[in-house]
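Subject: Structure handover

Hello,

Here is the structure we talked about. Please open it and keep it beside this email as you read.

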Amino acid sequence: MIPINIILENSTHAQNYSTNSDKQNYSTLIHNKEFDKVIQIIKDSIPIDQASAANKNLHNTITILGSRGSGKTSFLLSIKFYLESSERYSIGKDIQVLNIIDPTLIEEKGHVFLNVISRITDLIEKKLDQDECNISNENLFASRKTWRQALNKLAAGLPSIDGIGNNSNEGWQDPEFVMENGLKAVDSSLKLGDNFNFFLKEALKILNKKAFILMFDDIDVDSRKGWAVLETIRKYFTGAQLITIISGDLKLYSSVVRQKKWQNFGNEILKYEAEGLNKISVFNDVVTQLESQYLQKILQPKFRIHLPTIYDICQKRDRSIFIYKNENEGILIDQAYGNILGLLGIKNEYQASAYLNFLLALPIRTQIQILSIFYLDQDNRTVSNEQILLLIDVFISDLYDKEIDPESLKLNSNLNRIVLQFLLKEQRLEELYQLQPITTDSSLNSVLLSLNFSLTNKIQNDPFVIFDYFIRIGYIRNLVPILGYSNENRAVFDPSFKELCEKDIILSDRVLKDIIGKVTAYIRGYTDKNPNSENISIAGTIPIFGMADKAKRNRQATSDRIDSVLKAENATFIEKLLVYIPLSSNQYTYKQTSLLTYSPYLLFGAIGELCRKFDLEDLKNGFSELSQLRAYMMPDFKRGNNEDYDISEETNFEFPERTDTDTKIEELFEKWARNYPKNNSVSVHLLGKIVTRYFYALSNIENKMNKKSLGEIFHAQLIAFMNAVLIEDCRENSNFASELNINNTNYSNKIFINNLKTILKKDFSELTFSKWILSCPLLLVYLKNDDNQSSNYNTSENTLNNEDTKQQGTEIIKESSNSDDNQNITSNLSDSTILEGKKQEKNNENNLTSLIVKYCTPFTDESIFKLKIYNILHKIKTRTNEESSKINLVKFDRNNYEEVSKILQENNISLDSLKTLSLKDLKKQLKEVGIEITTRSSLNAYSNKYK
């Protein structure tokens with residue numbers, strides 16, 4: 001198997017390439033097998049005697065088929081070069097190769113037939129002129145005379161060709177002219193094909209050749225000129241003395257022929273029969289049949305050569321393709337792409353295969369451009385912004401086709417918003433949120449790749465984009481199954497994913513915490529349709545009770561409210577600030593009350609915004625702003641009163657004075673943000689997999705909340721997030737992911753701890769992303785500290801060689817006078833010390849925070865564990881309970897009239913409106929507000945009492 005070498009420096013334009021037949025140990029022509037097939041067809045087509053040369057109506061045109069950029073022009077140039085090398089290859093002695101004709105370069109008034117005749121005539125005239133210098137050529141005069149006769153016969157019939165001659169009646173002045181000249185012209189036109197073959201015969205005789213090779217390139221680009229070429233081939237290029245090769249795309253050939261066949265019907269018949277009598281399908285079938293037969297006649301299937309893509313070649317594994325930066329440095333093409341994908345964080349073999357398959361299936365011209373952009377500069381460890389700009393230009397037509405502004409993409413700002421807008425327009429967010437080129441639409445795949453690489457490049461230097469993706473794309477994508485896309489049959493005020501996005505919430509330039517706050521309010525409005533809605537935790541939102549200072553209840557009854565706990569715990573300035581960051585308020589539109597919710601997504605939004613504040617050197621104000629409680633209006637899907645639901649309000653809390661002993665949270669965050677691993681790319685699909693794994697882990701936690709405290713729930717949610725990051729980072733960047741437990745963590749640390757312990761035994765140097773995320777102080781601060789853990793998390797100090805233990809043992813030994821007792825005491829002390837040491841060692845091995853510190857070193861600052869945030873949250877009561885997922889319906893009977901009346905009044909439901917409903921609709925509407933009714937008589941009885 002001879003390898004194929006693609007030398008990038010020499011492959012930027014169409015040219016002839018070497019083949020296996022060049023007697024070297026490699027080929028630079030990708031389609032060398034197809035090349036050999038064409039050469040063999042040409043050899044078989046060369047006339048071997050006068051009888052075979054006289055054959056007519058052969059229609060043996062060789063068709064080179066491939067998409068745009070597949071290497072057709074280079075393929076034709078390579079054939080031309082091979083055939084013209086007569087001294088090296090015997091086949092070149094028998095044929096005369098004409099220059100390749102591109103019909104799109106022929107002027108409007110020119111005709112391809114005249115162009116061919118002109119090229120042959122030029123060759124003959126030059127040959128005859130050369131022969132005049134040869135005195136020994138006695139037949140020169142006869143040859144020139146015969147040639148002129150052949151040319152004149154051919155010329156007489158040319159005016160009959162469409163687009164060449166004038167109207168045949170022009171200039172006819174009398175009957176004698178008609179009889180003598182007009183009929184001669186008619187006869188010449190009828191014999192035009194024969195005269196052309198005679199013309200070829202005489203030309204070949206002069207040139208001492210057996211056949212002409214005529215090649216057309218890209219005749220399918222211009223349908224008008226392409227049709228003229230096809231018709232010329234069908235009518236005149238049918239003899240054995242002219243071997244025709246044409247290139248193009250079979251789909252475009254089909255379009256050219258179909259267009260002409262439809263035109264042949266005429267407007268009248270299409271108007272009155274096809275459209276008027278609804279027979280368009282009949283005419284379509286006729287066109288399809290005519291097109292099929294026409295192409296089978298002109299471009300016979302046995303002479304069709306399909307140029308495979310590089311992907312096809314690699315799949316067959318019958319040729320090895322190497323990419324060379326220059327003539328000395330080569331690498332297999334799939335390895336070259338693998339290196340490029342690795343620079344973009346795409347290292348998992350399974351995930352990379354989707355990108356690799358798409359890239360290999362691209363036109364060769366496009367692949368050369370992409371490889372030249374990235375592979376020639378692969379000495380860099382990361383992808384540069386300049387390379388991304390060049391990639392955007394490669395796919396600029398696809399971007400315009402999908403209505404994406406390339407200039408906006410090049411500005412490299414608001415990329416997640418551009419991505420979301422595009423996926424929403426395509427209605428493919430659920431499927432394509434990871435931006436992998438996995439569709440059957442090549443143009444869409446090109447856009448996805450451009451967006452993917454652009455976003456990855458942005459992530460390299462801006463950690464804000466990570467959290468922006470988590471919320472704006474990942475989280476929003478996972479809400480689709482909950483809310484559903486909009487449909488035409490839904491009620492005006494039904495919730496829908498489309499409406500959420502159209503309300504200028506997700507696509508706005510607001511801070512991330514505001515975006516997630518508004519989304520939370522929308523979700524809670526959606527949940528409010530259900531009974532017990534305030535007790536339901538959904539999509540990461542944890543409902544908690546309102547502030548104690550606003551409740552009309554005694555202090556003891558509100559001791560588990562968030563503000564009461566903060567006061568009782570004497571929370572410091574920093575502790576109070578951190579407790580309020582993941583909190584938002586959801587305001588009802590139909591009553592003067594609100595619902596407080598806690599959410600890890602609010603925390604993620606805050607982390608993202610603080611990353612931006614870090615770049616602006618404004619972290620102090622950032623923390624202050626993000627700790628303020630904002631109230632967002634919930635849409636009322638019961639009544640449809642949603643005019644002002646996009647309004648938000650802000651509540652400022654009183655904070656205690658900040659002291660010098662308070663934890664310097666800004667410094668901790670700054671240290672963490674500064675350690676962002678900029679030289680390591682994070683792929684978009686890695687982020688997508690993390691956020692989806694996490695969302696479904698949240699659902700498991702929400703289904704098992706029971707009466708757990710806010711601290712327990714929030715701790716479990718953050719452990720689930722850390723575990724999702726850890727697992728997906730390992731799957732992408734390690735070879736030991738199969739050893740991890742991928743089950744949901746729920747309310748136990750065990751799975752996460754065991755996964756950490758497994759990784760700590762390996763070489764985890766490549767897991768830079770998860771190490772950075774897990775060391776985030778705003779994640780660690782909300783975790784529960786282990787009961788056996790002191791403020792010092794350095795496990796090296798908890799050893800058996802503790803000096804205090806040694807001293808204590810010495811004193812005990814001295815106090816004993818009995819040597820046996822002394823020996824026993826020493827033995828017991830030794831055993832006790834060893835057992836205690838082993839116990840401590842085992843505790844350290846299973847200590848959550850110690851393991852995180854060990855994994856994240858040197859990123860983690862252990863002072864973050866001194867804050868008592870978990871202790872505060874643990875004392876805050878949530879609204880979730882055992883009945884939160886159940887619907888307790890109030891029965892519509894006389895025993896519950898007062899309760900029914902209260903529910904109807906709260907939901908503004910009138911008796912008159914209920915009376916107009918069918919029993920089915922009545923049951924449905926009342927069930928939505930928590931009332932169960934079985935018969936209409938119950939409503940009538942109630943109506944009689946309360947009318």
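**Ground rules**

This is a predicted model, where local features need pLDDT of at least 70, side-chain atom pairs count only at pLDDT 80 or more, and totals for chains, interfaces and linings use all residues. Residues are numbered from 1 along each chain as its sequence is written, and side-chain values use heavy atoms, with hydrogens and water left out.

Helices (H or I, at least four residues) and strands (E, at least two) are DSSP runs, numbered from the N terminus. Two strands pair if DSSP finds at least two bridges between them.

**The sheets**

Strands of a sheet pair through backbone hydrogen bonds, either parallel or antiparallel.

Start with the open sheet of five strands. Its order is β3-β4-β5-β2-β6, and the pairing is parallel. β3 (95-97) and β6 stand at the edges with a single partner strand each, so one side of each has no neighbour in the sheet. Neighbouring strands are turned by 20° against each other on average, direction ignored. (Axes are lines fitted to C-alpha atoms, for helices over the stretch in contact, and angles run from 0 to 180 degrees between N-to-C directions.) Inside this sheet, β4 (residues 211-216) and β5 (residues 242-248) pair over five bridges. Leu214 stands opposite Thr244 in β5.

Another open sheet has three strands, in the order β1-β7-β8, with mixed pairing. Its edge strands are β1 (4-7) and β8 (330-332). β7 (residues 321-324) pairs with β8 in the antiparallel sense over three bridges. Ile323 stands opposite Ile331 in β8.

**A buried arginine**

Arg304 is found in strand β6 (residues 304-306). Buried means under 20% relative accessible area, exposed over 50%, and partly exposed in between (1.4 Å probe, protein chains only). A salt bridge is a side-chain nitrogen of Lys or Arg within 4 Å of a carboxyl oxygen of Asp or Glu. A polar atom of the Arg304 side chain does lie 3.3 Å from the backbone oxygen of Leu295.

**Two covered elements**

Strand β11 (residues 594-598) has four of its five residues buried, so it is largely enclosed by the rest of the structure. Strand β10 (residues 583-587) runs antiparallel to β11, joined by five bridges. A hairpin of six residues connects β10 to β11. Helix α38 (residues 848-856) is mostly covered, with eight of its nine residues buried.

**Charged pairs**

How many salt bridges does a search of the whole structure find? It finds 24. In one of them, the side chains of Glu125 and Arg148 meet at 3.1 Å, N to O. Glu125 lies in helix α4 (residues 112-132) and Arg148 in helix α5 (residues 140-157), so the pair ties together parts 23 residues apart in sequence. Asp129 forms a salt bridge with Arg144, with the closest N and O atoms 3.6 Å apart.

Arg234 forms a salt bridge with Glu231 at 2.8 Å. Both lie in helix α8 (residues 223-235), three residues apart, about one turn of the helix. Arg234 is partly exposed at 28% relative accessibility, whereas Glu231 is buried at 13%.

Best wishes

Conventions
A polar contact is a pair of N or O atoms within 3.5 Å; within protein, one must be able to donate a hydrogen and the other to accept it, and residues adjacent in sequence count only if both atoms are side-chain atoms.
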